[in-house]
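Biologist: I have a model open and would like to learn how to read it. Could we go through it feature by feature?

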Amino acid sequence: MRAVSAAVCFAPMAPDTTSELSAWIEARSARADAVEQGADVRLEVIPRSHFTPALFDALYALATSMSAEERANFENHAWTNDSVHLFRVTASGALAGFQFWCCRAAQPGSRPVILGGKLRVLPEHRRRALHLRSALTYYAHVLRTQPGERFERISLASLFGFVAIARALHDYRFLAEDVLPHDERWLCDVVQGLAADSGYRYERASGVVHVNIRPTAAQLASYPPDFFETALARAYRARNPEFRSNGCYLAFGFPLSLQNLQSIDAAIARKLERG
């Protein structure tokens with residue numbers, strides 16, 4: 001995994017990229033079915049049309065056990081999404097976590113983007129690659145329904161979410177004007193719009209997003225001290241040093257390239273093998 005430097009731009013799509021992605025989708029779908037059938041925590045997809053107050057009660061209760069956030073703030077962001085993936089304990093049906101997802105169409109001079117938000121997993125259910133399984137499920141769905149498109153995945157992430165996602169990638173970059181080349185700064189426009197939709201404030205120069213969400217003392221204590229000294233955590237802290245108390249996240253992104261998809265797939269296999 002590497003961070004993309006400001007000098008790196010996207011190369012034109014190779015002629016065989018669409019066919020390679022299609023082949024990957026079919027192979028991945030077969031493996032995913034096998035994984036989900038034997039999983040002790042399963043994925044359940046809930047479309048936006050099935051969002052209810054009772055669902056939000058359950059999600060908000062789980063979310064605020066780890067991060068302090070006002071209910072109105074939580075619901076406002078939730079309604080900007082197309083679906084939510086619930087992580088349920090297979091034996092009991094108990095909620096173990098969730099991840100919201102949405103896809104936004106391309107605007108002139110840009111590419112379509114995928115946004116995943118509100119990733120929350122209870123500590124006792126971590127290390128099952130739940131967020132990665134959810135991600136590849138959603139990516140495969142989008143790629144299958146919109147073949148030939150080049151997507152950018154965007155995340156407004158806490159330190160914990162950033163590390164969880166970025167360590168499975170081949171490459172990523174922070175979405176800020178001091179990182180992006182001029183012809184990729186349309187991504188800052190997209191982030192600004194997405195942030196505004198959720199009532200957040202985005203600083204284009206630094207990539208900092210004011211979300212008014214703060215980690216709880218219990219969440220911070222659930223990670224060992226050396227976690228905060230990993231290379232990815234240090235990269236995040238360099239841009240958002242007061243992440244513990246300032247209510248801010250960072251915007252970052254990566255192309256939905258075959259290299260990144262394969263890297264995520266391999267990370268899932270490693271996690272499940274370790275158990």
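**Reading the model**

Modeller: Start with a residue in its surroundings. Ser-67 touches Arg-120, Ile-213, Arg-214, Pro-215, Thr-216 and Gln-219, leaving out residues up to four places away in sequence. Keep in mind that this is a predicted model.

Biologist: Where does Ser-67 lie, and is Ser-67 buried or exposed?

Modeller: Ser-67 lies in strand β3. Ser-67 is buried, with a relative accessible area of 5%. Now set sequence against space. Ser-67 and Ile-213 are 146 residues apart along the chain, yet their C-alpha atoms are separated by 6.4 Å.

Biologist: Next, helices. How do I read the faces of one?

Modeller: An α-helix has 3.6 residues a turn, so residues three or four places apart point the same way. Take helix α2, residues 53-63: Leu-55, Phe-56, Leu-59, Tyr-60, Leu-62 and Ala-63 are buried. Those residues cover an arc of only 160 degrees around the axis, which puts them on the same side of α2.

Biologist: Which exposed residues does the face turned away from the buried side of α2 carry?

Modeller: Pro-53 and Ala-54. The buried residues of α2 pack against β2, β3, α3, β4, β5 and β6.

Biologist: Which residues of α3 are buried?

Modeller: Asn-73, Phe-74, His-77 and Ala-78. Seen down the axis of α3, they fall within an arc of 130 degrees, so they line one face of the helix. The buried residues of α3 pack against α2, β5 and β6.

Biologist: Now strands. What should I know?

Modeller: In a regular strand the side chains alternate between the two faces of the sheet. Look at strand β4, residues 83-89. Six of its seven residues are buried, so β4 is largely enclosed by the rest of the structure.

Biologist: In which sense does β4 pair with β2 and with β5?

Modeller: β2, residues 41-47, and β4 pair in the antiparallel sense over seven bridges. Val-41 stands opposite Val-89 in that strand, β4. β4 and β5, residues 95-104, also pair in the antiparallel sense, over six bridges. There, Phe-87 stands opposite Gly-97 in β5.

Biologist: How many residues lie between β4 and β5 in their hairpin?

Modeller: Five. In the turn, Gly-93 has a positive phi of about 80 degrees.

Biologist: What about a positive phi elsewhere?

Modeller: Most residues other than glycine have a negative phi, and most peptide bonds are trans. Arg-127 is not a glycine, but has a positive phi of about 70 degrees. Arg-127 is found in the loop between β6 and α4, and is exposed, with a relative accessible area of 65%. Asn-212 is another case: its phi is positive, near 60 degrees. Asn-212 sits in the loop between β10 and β11. Asn-212 is partly exposed, with a relative accessible area of 36%.

Biologist: Let us turn to the core. Which members of the largest nonpolar core touch the most other members?

Modeller: Tyr-139, Leu-159, Phe-162, Tyr-172 and Phe-252, out of 66 residues. Helix α4, residues 130-145, gives the most to this core, with eight residues. Apart from this core lies another, of 17 residues, including Phe-51, Leu-62, Ala-63 and Ala-78.

Biologist: Which residues is Phe-162 in contact with, beyond its neighbours within four places in sequence?

Modeller: Ala-157, Tyr-172, Phe-174, Leu-232, Tyr-236 and Phe-252.

Biologist: Last, the voids. How many cavities of 30 Å³ or more does the structure hold?

Modeller: One. The largest cavity has a volume of about 70 Å³. Among the residues that line the largest cavity are Gln-99, Trp-101, His-131, Tyr-139, Arg-153 and Phe-254. β5 and α4 are the elements that give two or more residues to the lining.

Biologist: Which element gives the largest share of that lining?

Modeller: α4, with four residues. α4 also gives the most to the largest core, and Tyr-139 is named both in that core and in the cavity lining.

Methods
Residues are numbered from 1 along each chain as its sequence is written. Side-chain values use heavy atoms; hydrogens and water are left out. A nonpolar core is a set of buried Ala, Val, Leu, Ile, Met, Phe, Trp, Tyr and Cys residues joined through side-chain atoms within 4.5 Å. Buried means under 20% relative accessible area, exposed over 50%, partly exposed in between (1.4 Å probe, protein chains only). Contact means heavy atoms within 4.5 Å. Two strands pair if DSSP finds at least two bridges between them. The arc is that of the directions from the helix axis to the C-beta atoms. On a 1 Å grid over the protein atoms alone, a cavity is a set of points where a 1.4 Å probe fits but cannot get out, and a pocket is an open set with protein on both sides within 12 Å along at least five of seven lines; lining residues have an atom within 4 Å of a point. Grid points are joined across faces, edges and corners, and a volume is the space filled by probe spheres set on the points.
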